[in-house]
Every structure is written in C-alpha cells, then in structure tokens.
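Here is a short report on one protein model. Keep the sequence and the 3D view open while you read.

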Amino acid sequence: MTMKHYAPKRLTAVALMSMALAAGLSFTPRFTPTAIAQEITMRTLMVTGQGEESVPTTKTQVDLGVDVQGTDAAAVQREVAQRTAAVVELLRSRQVEKLETTGIQLSPRYNYENGRSEVIGYSGSNTVQFRMPTERVGTLLDDAVNAGANQIRGISFVADDAALEAARQAALRNAVDDAQAQANTVLNSLNLRPEEVVSIQINGAASPPPVPMPRVAEYSRAQADVATPVVGGEQTVQAQVTLQIRY
C-alpha cells in the first residue's frame with residue numbers, strides 16, 4: 001500500500017480546521033475598510049440646503065469725481081489737483097471711512113474732420129471713494145459739490161462688517177435646517193430613519209456686494225441749494241450647505 005506524506009505545516013492546518021468543525025465553530029468573512037465604505041455610500045442621501053439672512057445697510061459708499069476740461073494740459077491738471085485737494089480735505093474733516101483715490105486721468109480731446117484729427121483741448125479727472133453713515137451722506141455730497149466735485153460716479157449701500165458676519169452665520173444655520181428638513185421629508189416618506197451625517201460641505205456664504213443706487217447723479221454747483229436725500233436698503237447674505245446623511 002502506498003503511503004501519502006503530508007508536510008508538517010499542511011498537517012497542522014488540517015488538524016486546526018478539524019478541531020474547529022468538531023467544536024461547532026463557524027468561519028465568518030471579514031469586511032475590509034473598503035467594503036464598509038462602499039456600504040456606507042450605498043446607504044446615504046445627499047441634500048443641499050439654502051439659507052439667507054437680510055440685514056439693513058447703515059453705510060453708503062460713494063465714488064466722487066472732479067472733471068475739468070480746458071485747452072492747456074498743465075492748466076487742466078492743475079485745476080483738477082486743486083479742486084480734488086479741497087474735496088479730500090473736506091472728506092477728512094468729516095472723518096469718512098476707507099478714503100482712497102480710485103482713478104486719475106488726463107487725455108487729449110480731438111476734433112475729427114475730413115479724415116484728419118486735431119487736438120482741441122484736454123480732459124482731466126480724479127475720483128475718490130469713501131464710506132460713511134448713510135444719514136450723513138446727503139449733506140456731505142452737497143458740501144463736496146461746493147468744494148469742487150462735479151461728478152457722483154457711483155453710490156452703493158453696505159451693512160456694517162459685524163452685522164454682515166452675524167447674517168452669514170444665520171444664513172448657514174438656515175441652510176443646515178433646510179437640508180435636514182429635506183432629508184427628513186424624503187426618508188420619512190420611505191419609512192426610513194436618518195442615522196448620522198457623514199459629510200458636510202459649505203458651498204458658499206460670502207458677503208454680498210454693495211447694493212447700488214438705481215441712478216447715478218451728475219452734479220453742478222447750482223444743485224447744491226437743496227439737501228440731497230439718501231436712503232439705504234438691505235443686503236441679503238445667501239448660504240448653501242450640502243449634507244450627506246447615512247440612513
């Protein structure tokens with residue numbers, strides 16, 4: 001009779017399996033982290049919530065300009081500088097915020113006739129930007145016109161930085177509540193229950209741009225006899241949050 005020879009390691013494995021079967025033990029498969037992650041992904045719901053919060057504007061941002069035309073470039077630039085300096089001195093005396101120069105320009109003016117161009121003069125301008133409480137802007141604009149400004153290139157309304165940050169936080173909370181409400185509606189209709197939030201994504205909750213005034217005014221000195229009314233509005237902060245919820 002032929003004898004079969006088993007290696008010691010193989011005999012050990014066979015013996016261990018026989019002992020386990022004899023003792024009534026069973027072997028169960030071991031789930032890897034990848035398999036667990038795939039199972040979680042298959043049992044998740046992704047929802048995006050929207051939130052917004054409005055805050056009243058309390059400050060006005062103004063772009064104020066000085067425009068001058070003349071036949072001599074040096075004279076035009078000199079008058080622009082003198083009038084702008086007077087306007088800036090006024091603004092500083094009123095303690096405006098974020099005062100800065102946003103544009104300086106000097107360029108020739110041409111007359112085009114019979115295919116030829118001829119310099120007939122020069123245009124110069126200077127623009128400054130600033131912010132201040134809205135209730136004080138109307139009177140300041142009138143005084144700035146008297147000081148030498150003749151252009152209001154833009155007016156927009158902004159909320160205080162602290163108020164905008166508080167509105168941003170509120171908008172995020174509203175977006176989270178909206179996302180959870182959507183998830184609960186869907187899962188309840190399917191007789192399912194939410195277990196836990198497995199991921200959170202903030203898609204955006206940036207501060208909104210300043211609210212522009214519908215019409216930009218062009219001023220002359222004669223218009224400064226009546227105080228200019230300036231009324232602000234509201235800024236709305238919007239937020240978006242995406243939740244992935246396991247069920």
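## Arg 153 and its partner

Arg 153 counts as partly exposed, at 33% relative accessibility. Here, buried means under 20% relative accessible area, exposed means over 50%, and partly exposed lies in between (1.4 Å probe, protein chains only). Arg 153 forms a salt bridge with Asp 67, and their closest N and O atoms are 2.5 Å apart. This pair links distant parts of the chain: Arg 153 sits in strand β5, Asp 67 in strand β2, 86 residues apart. Asp 67 is partly exposed too, with a relative accessible area of 28%.

A salt bridge here is a side-chain nitrogen of Lys or Arg within 4 Å of a carboxyl oxygen of Asp or Glu. Helices (H or I, at least four residues) and strands (E, at least two) are DSSP runs, numbered from the N terminus.

## Basis of the model

This is a predicted model: local features need pLDDT of at least 70, side-chain atom pairs count only at pLDDT 80 or more, and totals for chains, interfaces and linings use all residues. Residues are numbered from 1 along each chain as its sequence is written, and side-chain values use heavy atoms, with hydrogens and water left out.

## Other salt bridges

The structure holds seven salt bridges. One of them joins the side chains of Lys 59 and Asp 160 (3.8 Å, N to O). That pair also links distant parts of the chain, 101 residues apart. Lys 59 is in strand β2 (residues 59–70), while Asp 160 is in the loop between β5 (151–158) and α5 (161–189). Lys 59 is buried, with a relative accessible area of 17%. Asp 160 is partly exposed, at 31% relative accessibility. Salt bridges link Lys 59, Glu 97 and Asp 160 in a network.

Glu 79 and Arg 83 meet through their side chains in a salt bridge (3.1 Å, N to O). They are four residues apart in helix α3 (residues 73–93), so about one helical turn separates them. Glu 79 is partly exposed at 34% relative accessibility. Arg 83 is buried, with a relative accessible area of 16%.

## Phe 130

Is Phe 130 buried or exposed? Phe 130 is buried, with a relative accessible area of 1%. Phe 130 lies in strand β4 (residues 116–133).

Contact means heavy atoms within 4.5 Å. Leaving aside neighbours within four places in sequence, Phe 130 is in contact with residues including Thr 60, Val 62, Leu 91, Glu 97 and Leu 140. Leu 99 is another of these contacts. Phe 130 and Leu 99 are 31 residues apart in sequence, yet 4.4 Å apart in space, C-alpha to C-alpha.
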